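These are my notebook entries on what I looked up in this model.

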Amino acid sequence: MKYDVSSYRRVLIGAVALFLLAPALSAQPGRERGTRIKAGEACPPGTTETRPGNCQAPSVPAPSILDYRPRSTLVTPAHMVKKAKYPVIDFHGHPRDLLGSPEELASLGASLDGINVRLMVAANNISGDELKRVVAAVRESPRMKDRVRALTGISFQNVGPGWAERAIAQLEADVAAGAVGVGEIGNGFGQHTHKADGTRLAVDDPVLKPIWEACARLKLPVFIHTGDPQEFYQPFDFKNERWLEMALFPGRRVPVDEHPNFEELMKERDNLFRNNPKTTFVAAHMGWHANDLGRLGKMLTEMPNLYTEVGAVLYDIGRQPRAAREFFIKYQDRILFGKDSFQPEEYPYYWRVFETGDEYFDYYRGYHAFWKLYGIDLPDSVLKKVYYQNALRITPRLPQASWPR
């Protein structure tokens with residue numbers, strides 16, 4: 001075959017020109033543009049992966065995490081549940097400013113009526129004269145005398161010689177005054193509470209065993225909040241899904257150089273549960289394991305004295321509807337309802353998650369969860385246990401009459 005040298009040169013020149021112009025051409029509308037990455041690499045900051053191995057920046061300035069509020073176009077059935085299907089015991093109540101006078105109690109009662117919470121357990125960690133004032137105010141209210149009960153607090157300050165005897169004496173006095181359980185033992189316990197000698201008071205410290213034995217003897221459930229969400233102990237960066245919450249509330253970040261890390265705290269907590277098998281414990285906030293139901297399920301299986309409650313972790317329950325439904329059915333005898341912060345308008349989100357099969361709806365606090373929730377549509381028999389039956393069973397001092405069967 002005879003080659004045309006001039007034609008060959010034109011083809012070669014065109015190929016070289018195309019190679020040199022490729023970056024410019026890739027930036028043209030309709031053509032792929034951006035930064036190439038290798039398998040396993042992350043896109044550079046300010047870009048996202050638009051095709052496998054290709055990262056691209058928006059053509060306009062990106063909104064902040066606070067300002068990006070897309071409107072969902074999904075059309076699905078919605079079942080708004082204003083009142084719970086069955087009467088509820090809120091085992092994790094904090095109506096802090098609504099227990100001191102007849103007027104405050106009346107206001108609390110009206111709010112509870114609106115959401116079908118029949119009984120509020122005040123988990124305000126109070127003791128002595130303060131506990132007596134709350135109990136007296138409730139007893140003097142004809143409308144609320146059977147609708148509020150209080151947990152007693154335990155002071156873990158300056159634990160040392162003689163502490164256990166004093167703590168048990170106060171516990172017995174508080175029970176005589178009307179306390180129905182212990183708690184909420186706060187997240188400072190195990191993190192920055194110190195003994196009289198200045199050392200950290202670990203959650204599983206043997207010096208505390210007499211108080212747990214007294215709780216077992218008195219048939220008092222111990223409601224305990226250990227640590228904080230795991231992400232609070234992780235680096236404060238843009239991979240942390242609690243970034244916005246910690247940016248809004250810097251005090252929620254846990255400096256691990258000053259306090260035990262998450263796993264150390266959880267190990268001490270689990271030792272506490274195992275070493276005191278006759279004491280009934282209720283792990284607040286699903287033990288901060290609602291994001292790892294397999295781990296929580298293993299704990300419940302191995303520790304028959306352990307229960308848990310759902311306060312302030314609805315964002316994790318509602319984002320895994322199939323796994324959560326299976327978990328609630330399997331451990332239906334071990335889960336209690338609790339809300340934590342008393343905001344009556346937020347309770348219906350719990351009812352909707354527990355009672356419906358609704359899809360893709362908002363959580364009530366955007367800084368807790370930027371994702372959507374789904375209903376887990378629990379059977380009525382499970383709802384009754386979670387809403388009130390389990391709390392009645394482990395807390396014999398609660399009013400036991402007139403609950404639905």
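I started with E302 and K298, which sit 4 residues apart in helix α8 (residues 293-302) and are therefore separated by about one helical turn. Helices here are DSSP runs of H or I with at least four residues, strands are runs of E with at least two, and both are numbered from the N terminus. The side chains of E302 and K298 meet in a salt bridge, 2.6 Å from N to O, where the term asks for a side-chain nitrogen of Lys or Arg within 4 Å of a carboxyl oxygen of Asp or Glu. I noted E302 as partly exposed, with a relative accessible area of 41%, and K298 as exposed at 51% relative accessibility; buried means under 20% relative accessible area, exposed over 50%, and partly exposed in between, with a 1.4 Å probe and protein chains only.

Before going on I wrote down that this is a predicted model, in which local features need pLDDT of at least 70 and side-chain atom pairs count only at pLDDT 80 or more, while totals for chains, interfaces and linings use all residues. Residues are numbered from 1 along each chain as its sequence is written, and side-chain values use heavy atoms, with hydrogens and water left out.

Next I looked at E346 and R365, whose side chains meet in a salt bridge at 3.3 Å, N to O. This pair links distant parts of the chain, 19 residues apart, with E346 in the loop between β12 and α11 (347-355) and R365 in the loop between α11 and α12 (380-394). E346 is buried, with a relative accessible area of 9%. I also found that D113, R143 and R147 are joined into one network by salt bridges that share partners.

For R149 and D146 I recorded a side-chain salt bridge of 3.6 Å, N to O; R149 is buried at 19% relative accessible area, whereas D146 is partly exposed at 44%. The search of the whole structure gave 21 salt bridges.

I then turned to T152, which lies in strand β6 (residues 148-152) and is buried, with a relative accessible area of 0%. Its side chain makes a polar contact with the side chain of D174 at 2.6 Å; such a contact is a pair of N or O atoms within 3.5 Å, where within protein one must be able to donate a hydrogen and the other to accept it, and residues adjacent in sequence count only if both atoms are side-chain atoms.

Last came the pockets: on a 1 Å grid over the protein atoms alone, a pocket is an open set of points where a 1.4 Å probe fits, with protein on both sides within 12 Å along at least five of seven lines, and lining residues have an atom within 4 Å of a point. The largest pocket holds about 1200 Å³ of space. Of its 32 lining residues, S64, I65, L66, Y68 and F370 are the closest to its centre.

The second largest pocket has a volume of about 700 Å³ and is lined by 35 residues, with N187, H225, D228, H285 and D340 nearest its centre. I noted that β4 (88-94), β5 (117-126) and β12 (340-341) are the elements giving two or more residues to this lining, and that β5 gives the most, with 3 residues.

How values were computed: Points joined across faces, edges and corners; volume = space filled by probe spheres on them.
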